[in-house]
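Open the model in your viewer and keep the sequence panel beside it. The tour goes from the whole chain down to single residues.

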Amino acid sequence: MCGHKVQQRPGGSVVNAPVDLRRLTTPQDLFQAAAEEVIHAATDAVAQRGRFTIALSGGSTPRNLYTLIAANASASLPWAQMFFFWGDERHVPPDDPDSNYRMAKEALLSKTPIPPANIFPVPAENPDASAAAEAYEQTLQKFFAPAPGEFPRFDLILLGLGPDGHTASLFPETAALQEKSRLVVANWVEKLKTTRITFTLPVLNAARYVAFLVSGIDKAGVLHEVLEGNAPAEKYPSKLVQPSEGKLVWFVDRAAASELSIAA
Ligand code: 6PG
């Protein structure tokens, strides 16, 4: 695995936390490194707490990771103690081509012995997106039973980076960015003319481990801005993902990292 840890983030952007940047040469190297990390996190969590809770990301980037895990790790993972959620979902039924659930089902869930009761899709088939968000929030409340004022602590949340700096369905300058107490909200995204259902920042930042997967030259500019730029965080919501008591790791390939000034 050809990656490394860097110390400080230049340019004083929003948060001065050390950036754990795992720079991999090819997309395949990136997915291999991320798969090893998921396996490690899963076995660790089950050993320490008896279960592993993971929130999957959507979009196109993680499909290859899910395929790799399904192909290589089927035997070595404690599937019966693993619980699958989604950090966000498009407002479509689970069999829709745009469904993040459908993508994960095709690439991973249908190919591994995960008990169906361990899989918690967003009920995005509900024509009322707000009701779907509330129902999913209740699912998280019931499953994690956080103390009053506390947020569910996922063992691992996988995230992608959108070309505009969005992550999950936390898009620039959208209402969901201001949410301080809800766990899941329906977020109207004007430029897509659609409502997305998404975890809120408090849930992302309560996680034990958040891993961004960023691949390809088309992400180089936005990755530079998010990690090294000074633009306001509301314009690049990925900047707002800073787990308060958790680990944050950026898995990037060489193309996506090509505009970073952080030394290789
Ligand atoms: C979604 C995702 C979204 C995604 C980014 C990156 O539902 O689309 O959750 O946040 O991770 O848009 O998408 P790509 O991986 O397709 O570039």
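Of the contacts in the protein chain with a separation of 6 or more, 74% join residues 24 or more positions apart; a contact means heavy atoms within 4.5 Å. This is a predicted model: local features need pLDDT of at least 70, side-chain atom pairs count only at pLDDT 80 or more, and totals for chains, interfaces and linings use all residues. Residues are numbered from 1 along each chain as its sequence is written, and side-chain values use heavy atoms, with hydrogens and water left out.

**Whole chain.** Switch to cartoon. The protein chain has six helices and nine strands. Both are DSSP runs, numbered from the N terminus: helices are H or I with at least four residues, strands are E with at least two. The radius of gyration of the protein chain is 17 Å, close to the 18 Å of the globule rule for 264 residues, so the chain is as compact as a globular protein of that length. That radius is taken over C-alpha atoms, and the rule is 2.2 Å times the number of residues to the power 0.38. The C-alpha trace spans about 45 × 40 × 35 Å along its principal axes.

Colour by burial next. Buried residues make up 55% of the 264 in the protein chain. Buried means under 20% relative accessible area, exposed over 50%, partly exposed in between (1.4 Å probe, protein chains only).

**Helix α1.** Select residues 27-49. At 1.5 Å a residue, the 23 residues of helix α1 should span 33 Å; the end C-alpha atoms are 32 Å apart, which agrees. The expected span is 1.5 Å times one less than the number of residues. Which residues of α1 are buried? Among them are Leu30, Phe31, Glu37, Val38 and Val46. Step on to glycine 50, which follows α1 and has a positive phi near 85°.

**Two alanines.** Go to alanine 145, in the loop between α4 (129-144) and β5 (156-160). Its phi is positive, about 45°, although alanine 145 is not a glycine. Alanine 145 counts as exposed, at 58% relative accessibility. Now pick alanine 168, in the loop between β5 and β6 (184-189). Alanine 168 has a positive phi of about 45° and is not a glycine. Alanine 168 is buried, at 11% relative accessible area.

**Last stop.** Select alanine 256, in the segment after β9 (247-253). Alanine 256 counts as buried, at 0% relative accessibility. Leaving out residues up to four places away in sequence, alanine 256 touches residues including Val214, Ile217, Lys219 and Leu223.
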